[in-house]
Amino acid sequence: MSDLVERVRDVLPEARRDLENLIRIESVWADPARRPEVHHSAQVVADLLSQAGFPDVRIVSEDGAPAVIARYAAPPGAPTVLLYAHHDVQPEGDHAQWASPPFEPTVRDGRLYGRGSADDKAGIATHLAAFRAHGSRPPVGVTVFVEGEEESGSPSLGRLLAAHRDLLAADVIVLADSNNWTTDIPALTVSLRGLVDCVVEVATLDHGLHSGLWGGVVPDALSVLVRLLASLHDDDGNVAVAGLHESTAAAVDYPPERVRAETGLLDGVSEIGSGSVAQRLWAKPAITVIGIDTTSIAASSNTLIPRARAKVSMRVPPGGDSAAHLDALRAHLETHAPWGAHVTVTPGEVGQPYAIDASGHVYDAARVAFRQAWGVDPVDVGIGGSIPFVAEFAAAFPHAKILVTGMEDPATQAHSVNESVHLGVLEKAAAAEALLLGMLAAPTV
Ligand code: BES
Ligand code: MN
């Protein structure tokens, strides 16, 4: 088995080169102007998988972004493992805030910087390295599935799973799109929150009014909207919407200094909510106002604003139903506006949470593989974020065991500026995956 770790070390420079080439592609599916880049990245991913020795590689789509499916058939009697990653990336944000250009792979202090370096092009590099480490002849069947619209909520994933069910069917599914506990301690993600959103519009007047003429007598819509949004939390910062679910998080210690360091919380600003950090992050709902449409300061005048809108997003704890949570949020918004203001709620996305039963032979094998590759046991963690397709995979393949792994670490800054992957993590994650493929060939699995 340790030979395999050696071979991962041998193939890593090639995987890193592949990763650097992928980072150069601006595969932002959410930006219509850059959708051709997403098609280009699908082609590059397909070529890499062919070169790595997958006999059957195809690009597929179902009225959405192109995904890549590569297959290596299981030797007789051996199980098949599906390895997932996504080749689309988040928009890069303000270039001026990047220390090096976002689509120019750059190494500093043992970390490779660039958009998608970790989330989730590192997943593609890891799968390539694990497969190549087995001389492209692993003892299990391997299907690689690289999606192209994860950062847009995977809208066509359900159709892809239905259309290519036979190609994608597997005994074990490894979804490489999550976090590690630190750069020295790996994690297995065993719970994920769901994600819902809606747009709330408040109207108080049928047209704008001179604020001197009518201010103080009739309400402006923006003041009403602000009060309505404020009602979503109590004074301690706990979510104040009735009827939401709460589960129980794994007991891990998350000291306040670590929260401050990882979030960049400013001096004097306190945390919000009650309960342990893990409980608040992984097991309780969270509500965030993520956008407002109203008169900008530049365009403002002394006018009572007649209508204003906000987009509200909510994380749903494992065990809760996201559609029911969105209904509860909607009911709250419809009943908490002051002064009889008119409120219209337009529901948006609904992504389900998921809790994994992290026991049995596959998890036993994974923990052994992680310990060998990293030198320490993996920690079971939840994530506060969402990977709605986990629930979709689980529903499509109810008999498959799902593992959520990843190449991120607390310093990765996924979705933000200066995203990076730690090169040591990349190597250990690839070694763990290669070892896992070897172990899953054993008949006990
Ligand atoms: N890789 C993340 C999920 C994640 C978040 C992993 C935090 C580890 C820690 C994933 O790409 C993501 O960002 N998901 C979105 C949801 C999706 C529907 C756009 C999210 O959580 O906002
Ligand atoms: Mn991701």
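**Entry 1: the manganese ion**

I began with the manganese ion (ligand 2) in this predicted model.

Next I looked up the angles among the six donor atoms, and they run from 51 to 160°. The site of the manganese ion is therefore irregular. For my own orientation: ideal angles for six octahedral donors are 90 or 180 degrees.

**Entry 2: where the donors come from**

Along the chain, the donors of the manganese ion follow the spacing H-x32-D-x57-D. I traced two of them: His86 lies in strand β3 (residues 80–86), while Asp119 lies in the loop between β5 (111–113) and α3 (121–133). The pair therefore ties together parts that are 33 residues apart in sequence.

Is His86 buried or exposed? His86 counts as buried because its relative accessibility is 0%. Asp119 is buried too, with a relative accessible area of 6%.

**Entry 3: the nonpolar cores**

Then I turned to the largest nonpolar core, which has 95 residues. Which members touch the most others? They are Phe145, Leu175, Phe393, Ile402 and Leu403. Helix α13 (residues 423–440) gives this core its largest share, 13 residues.

Setting aside neighbours within four places in sequence, Leu403 is in contact with Val172, Ile173, Val174, Leu175, Leu188, Val362, Tyr363, Ala366 and Leu436.

Last, I noted a second, separate core of 25 residues, with Val200, Val202, Leu229 and Ala341 among them.

Definitions and conventions
Residues numbered from 1 in each chain as written. Chains lettered and ligands numbered in written order. Predicted model: local features only at pLDDT ≥ 70, side-chain atom pairs only at ≥ 80, totals over all residues. Heavy atoms only, no water. Donors = N, O, S within 2.8 Å, 3.2 Å for Na, K, Ca; no water. Tetrahedral: all angles 85-135°; square planar, octahedral: opposite > 155°, others 65-115°. Helix = DSSP H or I, 4+ residues; strand = E, 2+ residues; numbered from the N terminus. Buried < 20%, exposed > 50% of the residue type's maximum accessible area, 1.4 Å probe, protein only. Core = buried A, V, L, I, M, F, W, Y, C linked by side-chain atoms within 4.5 Å. Contact = heavy atoms within 4.5 Å.
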